[in-house]
Amino acid sequence: MTKELIRLKVNGETHELAIAPNKLLLDVLREDLGLTGSKRGCDDSSCGCCTVLIDGMPMLSCVALATSYQDAEITTVEGLARDGELDPVQEAFMSWGGAQCGFCTPGFLMTTHALLEKNPDPTLDQVREALASNICRCTGYTQIYESVLAAAQKIREKRKNEIAISK
Amino acid sequence: MTMPGFRVIRPSSVDEAVRVLADNGPEAMVIAGGTDVVPNLQMRLFAPRVLVDIKGIGELRGITCNDRVGLRMGALTTLTEIAEWKFVERCFPVLGSAVRSVAGPLQRNMGTIGGNLCLETRCLWYNQSEFWRQSLGGCLKKQGDVCHVAPGGQRCWAVWSGDSAPALLTVEAELEIAGPGGRRRIPLAEFYRNDGMNRIALGRGELVVAVHVPVSSAFRRGVYRKLRVRDSIDYPLAGVAVAMKVDGQGICRAARVALAAVNPAPQLVHAAAERLEGKRYSAELVEEIAHEAIRTAKPLTTSASTPVYRRDMVRLFTRRALEELWQTRRGNGEKRAG
Amino acid sequence: MGEMNVIGKRMAMTDARAKVTGLGRYADDLSVPGMLYGRILHSPHPHARIRSVDTLAAEALEGVKAVATGRDAPTPYGILPIGHDERVLALDKARYIGDNVAAVAATSPEIAEEALRLIRVDYEPLPAWFDPLESMKAEENWIHEKRAHNIEKEYHHHFGNVDEGFAQADFVLEDRYYCGEVTHAAMEPHSTLAVWEPNERLTVYSSTQVPFYLHRTLSAVCEMPMSRIRVVKPLVGGGFGGKSEIIPLEVAASVLAKKARRPVKITYTREEVFYAHRGRPITIVDLKLGITKEGRITAAQARIVQDGGAYCGYGPVTVLYSGALLNALYDIPNVKFDGFRVLTNKPACGAMRGHGTVNARFAFESMLDQIAARAGLDPVELRRRNLLKAPCTTPNGLRVTSYGLPECIERVAERSGWAEKRGKLGKGRGIGFACSHYVSGAANPIIRSNMPHTTVNIKIDRDAGITVYSGASEIGQGSDTMHVQIVAEVLGVRPERVNLVAADTELTPVDLGSYSSRVTFMAGNACLNAARNMRAQILGPVARQFDCETDDLEMRDETIVSKNGAGVSMSFDDAVALAMVGEGALVAKGTYAPPEQARGGKFKGAGVGPSPSYSYSAQAVEVKVDRETGQVKVERVVAAHDCGRALNPLTVDGQVQGSVYMGMGQAVQEEMVWREGRLMNPSFLEYRLPTTLETPQIESIIVESIDPEGPFGAKEAGEGSLAAAIPAIANAIYDAVGVRITDVPITPERVLAALRAKEEAEKGGAR
Ligand SMILES: Cc1cc2nc3c(=O)[nH]c(=O)nc-3n(C[C@H](O)[C@H](O)[C@H](O)COP(=O)(O)OP(=O)(O)OC[C@H]3O[C@@H](n4cnc5c(N)ncnc54)[C@H](O)[C@@H]3O)c2cc1C
């Protein structure tokens, strides 16, 4: 199959890549860019392990043809931390036991990150709704719920502080 | 699983898309959100030479709504956009209710209304890997001559598994289709063929451009009830959409009932409209309509649940939906099944 | 034990950062230069003789570097010494749809798949066996010629005298329970990277729970000494038992790598994971129970048939656990058990979380409620009246050293509001109760030997950093963190000072693996012993310098101080430097072997069941049942688990909640559906794991009975809470709508059918 030259913007960096047109974004991330944080857990787009942000929206990179997303801003789990400082969502999943085996974790982090961008004060039910495409086999979700709510609180506090400082 | 090989063409206008589709005929396939196409490609359910990625066509995006022409949703409108559209609950609650029940939030962020209305039909014996299907020698729909659901028959019973179609049937939606001969508009009901193998009436080179819902069916109370094992991710095992207008006296002024996942097409329960119009609520009438619904439903063993149970639930959900819409002031869609 | 600084504290897992940054590597994340992609050809027939396999066309395809068939690796293997009935690629027969027939390594996955399409296999289909009860009666076409009537193993145990026991009972009940087949469904599909090294060695990175067993098997099948093979476990994305046997891809990748002299990676598709399986078998339990009117259990009798699939795997152990652990939860004087492990033409079953105990426990705890209803007793009260008096030894020789069940029961009853809620939750709502237990590792190793089950080494060199070498396999349960905590506690240092090297057969001493909840107890004890040895090496020179006894010293907050607060104070770094004078790097070792008294009786099959310690669990579940749809919604779960001591309450909570979740899935929605040996739902879309919307917050309560032999008193935490979840739900449904469901999963169809039957019966009765 003839490869195509594409441009992909991932975690703020633009890459030029020669890839086969049938290649999925997940495989380009994992194989061509070495960003193996996004995982493949199923073959029918029903587990959420491959979730990335495309223009801020959490989406399944296992159904996305890479060539289709050349104009988009793609964020993977590797792009969550800024200058070595973890995102509050990452911090919370660490301290609240949100990650056990860790395989579903990148997907959960991306979905959670998007949720809290939109709604930094979700109810438990809203959290459960938002995460309903991501499957975790280890935790029974309880510590994930706790992680998400803790991250939300941290984000709210951080915003409050930022506002206080800017005043 | 790997992907089969194909070329991708990314047209930037409807005309260009139509041209590419017409040129390539059955070798070409449209991809929108890809949530149906990509898993199916991995399973080798089809092998198009050309994928026509329509995501770059601006005309296919967005929702417009006004009181002259009604609602227009571009084919690329995502299910999340519809669910979050601020008038959906007020104007077309049945649509909001159905759309929110599709798959899970991530699939809805990608899946489009066009793709949802053109979904492949599904069957336990068909939506399987190449290895799995070949271990059985294939089926009528793919590389075989036996239907494992109704052995001996020559008809494919793969089931219509899209949730928004029955909802849109209850508000008399129309499709805007572009093709080599220009644009045409057809009632959504005429789009479906009730044939598992040849599900929709799209000709060579044709593309769904938009869905229209007339002003006349706005503000109907409505709800979509879906049978599924999990409250997320799962396709419907059965679905019942009901939309109705009830006047101040409690008299039904218009009503539609439609079903998903119990036939190869989404289907209106035809008797419902005439029998309900002009009537006041009664338990007997509701039961009668529920009975009509199961006469329309022809579930077979195409999914995890038994046909008997799915029929039972079609009757129950029809009854519950009618009771809920008729007897309460609000007809807001409820998220949960059952 | 004085106050502790690390043990008992909620601590983030040591590998959490690797996981939340996405930088940690799982097997499929690894790639090396020159790596080939392997794929396996599976049998489309449930039972067929293989007449020939023609690989010529596949070999000729450009990009194909090796093709292997059964002839390339004919040595049979299996996890149990008595069950070496598998070959990585079938030689003579294929025994299930999905059985492994040939394998290919090529320069791309696409080429490898294309090559599979070119392999021609000449099969002669044979009559196949799908139903265990039918299969047991087979007179011919046995799945393995050596296993007559397709019975892999049967066991018949009798302790006390059940006839006498039933004679003493005022209420005797018999019923049959059926549990469908379920599978682990770890989120990570199995993956193996086998690297053929330039020095003719083999390095294998694999998603395994048992690197040591893999090491042994690769040595046998690849015909290479163990000393030339290295097995490394990278991060593993969940196991639950599904990675606790040798999985065909691990051997296939190694055979291909050796043949191609190149690195080969195989990652299963999700469908292949379902065929690799080793999950919980279809189980048919015929149970009989007798109680007095005071509520004392007088006898229990169970006949258990397990549908094991086409190979032995852990099968005999699974069935033995189901019998042995009828004991050790309650005080039952008379117990009879007949167990059958049957072969069928389906993927092999094996060990899955709660190994062997879960389905038997479902039956038992359901029946307790049934018989309580008969006797007019409160189900919780009935359980209270049958408690063991630990320490004790059960009739079948299980030694119970610590027993937190009474506290579990009381705390759950209280927190759940049992007394106020039972029978009073209103229409369609109910509450159910159940208990369960599990081993803290098997006291007898699979491969009989008198060697310790695990060894841990600790090294401290001039940087005063502490490196712990353990063969134990972190699979997400927190075993790495557990080691770090123990060493940090004993040596009085911050956990950050401790570095763990784990599960790399070239560097770490043998540990038998992460299964049957053995790691905290066994590797933990070995680690504790190693840390204590290290402590002695450091304290000795300090005591000499200060002219005191080592017993007078303690290590805390990175310093060595006198216990009485006077005199000695030396930093950990200085103490290490002192200890190294004349010695060089400090090295300490610790081992663990279960004590002789823990190893059980002498009868046939006695080897399975004995454990150095048992965990206990009690649960209450609230459900809502829709009478018209039959749908069951789990609304609240309160689960108490006696884990001896919670070394890390954060991970104990996580383990308990995860166990409950998995039980909940099995209870109401998970099932592998078979048609003529064909798995109808080999995917995550159709094998339905509960999502967040079906999963309430699970309230876990930690009970600490402080086991006398566990490390700091710790014992099992990761499996024992699973089994109670299923009967607790069944019992809650009974409380809600008055129907007893004896078949799992409890689907809406089953509930509805039972409700209708009840209505009919009541109508009949009214007439
Ligand atoms: C795990 C999972 C669960 C799901 N559950 C549900 C569910 O519960 N209910 C449900 O309804 N769907 C479900 N889906 C399917 C899917 O997500 C939605 O139906 C979605 O709306 C499909 O839209 P899409 O844009 O992704 O379609 P695509 O996959 O891009 O296309 C689907 C089909 O429509 C054709 N098509 C797309 N757009 C056009 C157009 N404009 N003109 C002509 N043809 C077109 C394509 O050629 C293809 O045949 C599920 C999918 C997954 C992966």
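Q: Across the interface of chain A and chain B, how many residue pairs are in polar contact?
A: In this predicted model, the rule finds 12 residue pairs in polar contact across the interface of chain A and chain B, with both residues of a pair at pLDDT 80 or more. Strand S4 (57–60), helix H3 (105–118) and helix H4 (124–130) of chain A each supply at least two residues of the side that touches chain B, and S4(A) gives the largest share, four residues. That side of chain A divides into 15 nonpolar, 11 polar and six charged residues.

Q: What is the count of salt bridges between chain A and chain B?
A: The count is two salt bridges between chain A and chain B; in one of these, Arg10(B) pairs with Glu4(A), with the closest N and O atoms 2.9 Å apart.

Q: How is the size of an interface often given?
A: The size is often given as the accessible area lost when the parts come together. Here chain A and chain B bury about 2400 Å² between them, 60% of it on carbon and sulfur atoms, and Asp43(A), Val63(A) and Ser133(A) supply 22% of the area that chain A buries against chain B.

Q: What area do chain C and chain A bury between them?
A: Chain C and chain A bury about 3900 Å² between them, 57% of it on carbon and sulfur atoms, and Val20(C), Met187(C) and Thr692(C) lose the most area in chain C, together 20% of what that side buries. The count between chain C and chain A is four salt bridges, including one in which the side chains of Glu670(C) and Arg137(A) meet at 2.7 Å, N to O.

Notes. Residues numbered from 1 in each chain as written. Chains lettered and ligands numbered in written order. Predicted model: local features only at pLDDT ≥ 70, side-chain atom pairs only at ≥ 80, totals over all residues. Heavy atoms only, no water. Buried area = accessible area lost by both parts, 1.4 Å probe. Polar contact = N/O pair within 3.5 Å; in protein donor to acceptor, adjacent residues only side chain to side chain. Nonpolar A, V, L, I, M, F, W, Y, C, P; charged D, E, K, R; others polar.
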